Amino acid sequence: IKAFNLLKNQEDYNKEKLIGNLEKWLSVSYENDLKPWLGRQIGVAIINSKKEKGSVDELYFAEFISKPNVEKFIAKYTPTENVYTGQKTYMITDPKGAQKFVTFINNYIFLSPTEQAIYQLLDSQKSSDKVYGSKKYREIDSGLPLNRTAFFYVNFDQINDGFFQHFPFLSESGISSKILQPFLKTFDAEGATLIAMDDNFAIQSFLNIDPEIVDNSQYLSFQKKYDAQLAKYMAPDILAFWGGENLEYQLKKIIELLASGDGSTLTLFDRILQNYTQKYFGQEADFKKDVLPFFQNEFAIVFEKTNEKNNYKLLFELESPQSDAVKLHQLADNFATVGAIFEPKVVEYKLKDGTAAKEIVAVPEEIVKTETNYENITIYELKIGKEKGGIYYSIIDNIAVVADSMDSVKNTIDLAKDKKPNLRASKLFFDDIEPILNSSDEVAYFNIDAVLPSIFKQKPAPKILNIIDSLSSGRNYFNDGVMTINYLHIK
């Protein structure tokens, strides 16, 4: 009931539309044909076919509350009865001429487009090796809320190319088991629950990780209380932000998982960052010594709109404001001196025989460092070229802000001086973000309605996204997996 109340204003997803689609798909009347027997549980399972290697079959199931009424419903399709291993099965033909195969187990009806799937289901009833009783399923199911509107479970070691081919939107995007092999090797299984609350949907998921990878992990065990204090330096109408504690560890957790615990991937990641550090800050710059120390505490990456322009800014808490300020200025000076920002330009010259020629070359842009005073706080500008804009930064007490806009830094100073309302004191924070902080060591927030135009510039956004007003998400890492909590606000 709560789910339909949340969707009541969505014409394409409300209760009436759902029932209408179901009636159209089955060519039935919900009131006369389905309501007399349909229970509370319905679902679909995708299983690997034992008959055709590399393909999958669909199994639909629904709980029934009246066996006579569900049999009466099946009788409308003039079923052909069959017996398989002592269990009755039925073949029916729907109004569109498509064959479906049906059987009953306990108080559930099962339906599939393929007879083999029904046989496979019945064979599995004789085995003690069932999904419900498996260790990884029990761990996931017991760790998720029981009060759920919907439940999703995927067994990664059973995924093959047949699964991706079954869903064109995946295969046509170039996704295959080969491409996802590192992911499929790392993660064992995942379960997710959809919960309808009074004013939003909550999606809580648990991702099982291969125990061997957990045992060899350097970063998964890292946990530090995160309370999003930097939200004080963000406006309540921000477009998006991601924040947490210790940026190095947060990034390396993700990389370590995606690399299946392969330490060489982390080494390669460090080398790439070191190369970029030397490129922009000079050959003597050291990523681990000169850059990483700035991100040991709380950080936040923010996407916001300032004076009708989209801007990015980075906030990070300084361990020692005075000494860190000196180091930050040194990095900025190095960037202004050796920063490799190149602009392609056409250069004309003459060959030895006097012929005029043109060549596109990368010409380094001049970077000029200047200072501006705003509300008794210095803002530093690194102007890149004549038209490219610049990088702006400032230090406010023990907080550093780096942005691609002067207005963004000024706005941050106004927030710090309480001249404008901030995100952390807003209703949005208390309703959507603070509840997630209790069980997360990193948090992300997206104003979906405002962000979509920036993402889908050339084509319309998927219709399902247009019903979402905002999304807040938190993630926590445990010894056996990753827990994610999402709040979805519906328009």
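Buried means under 20% relative accessible area, exposed over 50%, and partly exposed in between (1.4 Å probe, protein chains only). Helices (H or I, at least four residues) and strands (E, at least two) are DSSP runs, numbered from the N terminus. This is a predicted model, in which local features need pLDDT of at least 70 and side-chain atom pairs count only at pLDDT 80 or more, while totals for chains, interfaces and linings use all residues. Residues are numbered from 1 along each chain as its sequence is written, and side-chain values use heavy atoms, with hydrogens and water left out.

View 1. Helix H15 (residues 406–416) is mostly covered, since 8 of its 11 residues are buried. Among them are Met 406, Val 409, Ile 413 and Leu 415. Contact means heavy atoms within 4.5 Å; the elements covering the buried residues of H15 include strand E11 (298–306), strand E12 (309–317) and strand E15 (367–374). At the N-terminal end, H15 is capped by Ser 405, with a side-chain oxygen 3.1 Å from the backbone nitrogen of Asp 407. After H15 comes Asp 418, with a positive phi near 60°.

**View 2. An open sheet of 6 strands.** The strand order is E1-E2-E6-E5-E4-E3, with antiparallel pairing. Strand E1 (38–48) and strand E3 (80–84) stand at the edges with a single partner strand each, so one side of each has no neighbour in the sheet. On average, neighbouring strands of this sheet are turned by 25° against each other, direction ignored. Two strands pair if DSSP finds at least two bridges between them. Strands of a sheet pair through backbone hydrogen bonds, either parallel or antiparallel.

**View 3. Strand E5 and its two partners.** Because 6 of the 7 residues of E5 are buried, this strand is largely enclosed by the rest of the structure. E4 and E5 pair in the antiparallel sense over 5 bridges, and Met 91 has Phe 101 in E5 as its bridge partner. The hairpin of E4 and E5 has 5 residues between the strands, and Gly 97 in the turn has a positive phi of about 90°. Strand E5 (residues 99–105) also pairs with strand E6 (residues 108–112) in the antiparallel sense over 5 bridges. Here Phe 101 stands opposite Ser 112, and Phe 104 has Ile 109 as its bridge partner. In the hairpin of E5 and E6, with 2 residues between the strands, Asn 106 takes a positive phi near 55°.

**View 4. Two helices across the sheet.** Axes are lines fitted to C-alpha atoms, for helices over the stretch in contact, and angles run from 0 to 180 degrees between N-to-C directions. Helix H4 (residues 67–75) lies across strands including E5 and E6, running at about 165° to E5. Helix H5 (residues 115–124) lies across E1, E2, E3, E4, E5 and E6, and runs at about 15° to E5.

**View 5. The largest nonpolar core.** A nonpolar core is a set of buried Ala, Val, Leu, Ile, Met, Phe, Trp, Tyr and Cys residues joined through side-chain atoms within 4.5 Å. Of the 34 residues in the largest one, Met 234, Phe 241, Leu 315, Leu 423 and Ile 433 touch the most other members. Helix H16 gives the largest share of this core, 5 residues.

View 6. Gly 481 belongs to strand E21 (residues 481–490). Gly 481 counts as buried because its relative accessibility is 0%. Between Gly 481 and Leu 207, 274 residues apart in sequence, the C-alpha to C-alpha distance is 5.2 Å.

Note on methods
Polar contact = N/O pair within 3.5 Å; in protein donor to acceptor, adjacent residues only side chain to side chain.
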